[in-house]
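Visitor: I would like to learn how to read a structure like this one. Could you walk me through it?

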Amino acid sequence: MTARGGTTLPSRSPALPAGATALGRLADERATGALHGPVGALYLADGAVVHAESPAAPDVGRRLTAGGRLSPESWEEAVSRGGPGYRAGGFLVEHGRLSRGELELCHLSALFDAAYFVLCPLEADRRPPERFLREARHWLGPVRPVPVAAVQREVRRRRELLERAWPCPAVDAAPVVPVPDATGWPGPGAAPGRGRRAVLEAADGRRTPVQIARLLGRSAFATLLDVRRLAAQGLIRTPAAPCPSPRDPDPAGPAETGTEPVAERHGTGGGAGAPELSLLFRIRDALEAL
Amino acid sequence: MSGIDACLSEAMAIPGVRGASLVDWTSGLTLGAAGDGPDRDHETAAAEAAELARLAFENSAFTRATEDTGPVEDIVVTARGSYHLIRFVETSFDSSVFLYLWLDRAEANLAMARFRLQGLTTELVLS
């Protein structure tokens with residue numbers, strides 16, 4: 001829970017400090033514009049983060065329409081009528097489609113979710129963006145600006161949470177494959193919670209965590225965390241590639257290892273020592289819960 | 001009422017309240033805060049309250065017991081000098097947010113604070 005300091009963190013992408021430095025400088029300058037690259041963009045206004053987008057994280061529109069809160073038509077209307085004036089979000093509230101509180105909650109969740117994948121890209125060979133387009137604004141409009149330091153702190157915390165849940169980034173990008181006969185989870189409290197159940201139900205053996213998040217209109221980070229917890233519980237398969245240690249900065253391309261079917265099914269051994277690790281983590285969690 | 005800030009400022013008007021914050025329990029992130037936090041720190045309290053919230057929300061003992069009536073609504077912690085109230089915000093899109101109140105036990109009325117908290121979380125997402 002307490003911050004362990006950036007230097008001791010397991011680093012999925014060694015480029016985080018670079019992106020972080022650029023961001024810090026832009027915050028100091030009170031810059032307005034978009035820090036952008038192939039992994040997404042962070043929009044700043046007066047040095048604060050007002051929006052973030054990443055192909056990995058469902059955007060506000062997807063979140064609001066996936067569960068039926070807004071019809072796709074309502075959302076498109078807001079984008080086409082409010083977007084040109086950089087105030088699609090405001091349009092929704094003013095026209096009674098959404099309360100201010102809903103917009104703020106949904107937007108903040110989307111912002112922190114996308115910011116995580118922008119600053120900590122899933123693909124090991126990608127780096128956080130370093131190009132800055134001054135004066136660029138997002139069509140959604142500012143909702144609730146967040147200080148750069150708060151975004152960076154949250155990204156570090158989320159990375160720690162993932163590592164603590166199950167230190168194996170290979171499951172992040174691989175298709176989620178439920179273990180067929182693992183329904184008899186041991187003991188009370190070990191049954192998957194609602195979020196994890198939804199992830200399991202959406203796991204068809206082909207969809208990756210990011211695709212499941214998009215399908216459900218749910219936070220991609222929360223989905224990733226659920227996937228890691230499911231892997232720790234032994235309810236989904238961990239890709240056959242050896243898990244890098246939490247300190248290993250290079251997970252060696254989880255995307256390509258993930259597409260291969262996992263070596264052997266359950267049996268007594270499972271595969272690649274996963275059951276033993278899983279057991280150790282369950283024991284650790286139980287001890288921590290005492 | 002509209003928005004997070006208005007919600008928090010109304011929460012601060014509840015008798016006996018020392019601090020209020022809106023927290024995402026997936027990670028323990030504080031989305032907004034007003035007044036004091038326990039130990040004058042909203043961030044730490046938010047992260048710790050989030051652990052508690054996640055346990056209650058995800059564990060089978062609580063969710064199974066309430067399967068027919070819906071998920072966990074709130075969590076009440078009473079301590080010698082204070083009350084801690086956690087109320088889940090129900091949204092019709094995916095979210096994992098609760099409103100957290102820290103109250104002075106000598107000045108607060110638990111039943112009333114809980115009732116007001118319920119109203120606030122409903123109004124926050126009412127259009």
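Predicted model: local features only at pLDDT ≥ 70, side-chain atom pairs only at ≥ 80, totals over all residues.

Visitor: Is Leu98(A) buried or exposed?

Guide: The idea is to count neighbours, and 20 or more other C-beta atoms within 10 Å make a residue buried. Leu98(A) has 25 C-beta neighbours inside 10 Å, so it counts as buried. Leu70(A) is 28 residues away from Leu98(A) in sequence, yet their C-alpha atoms are 8.3 Å apart in space.

Visitor: How many residues of chain A are in contact with chain B?

Guide: In general, the size of an interface is often given as the accessible area lost when the parts come together. Here we count residues: 33 of chain A are in contact with 27 of chain B. On the chain A side, α2 (60–66), α5 (100–119), α6 (148–165) and α10 (220–232) each supply at least two residues. The most come from α5(A), with nine residues. By class, that side of chain A has 13 nonpolar, nine polar and 11 charged residues.

Visitor: At what angle do α5(A) and α1 of chain B pack?

Guide: The angle is about 110°, and the axes of α5(A) and α1(B), residues 3–11, are 7 Å apart. Angles of 65 to 115 degrees count as roughly perpendicular, so α5(A) is roughly perpendicular to α1(B).

Visitor: Which residues meet there?

Guide: From α5(A), Arg100(A), Gly101(A) and Glu104(A) meet Gly3(B), Ile4(B) and Cys7(B) of α1(B). This contact has two nonpolar, two polar and two charged residues.

Key:
Residues numbered from 1 in each chain as written. Chains lettered and ligands numbered in written order. Contact = placed C-beta atoms within 7 Å. Helix = DSSP H or I, 4+ residues; strand = E, 2+ residues; numbered from the N terminus. Nonpolar A, V, L, I, M, F, W, Y, C, P; charged D, E, K, R; others polar. Buried ≥ 20, exposed ≤ 12 C-beta atoms within 10 Å, placed from the backbone. Axes fitted to C-alpha atoms, helices over the stretch in contact; angles between N-to-C directions. Parallel < 35°, antiparallel > 145°, perpendicular 65-115°, else oblique.
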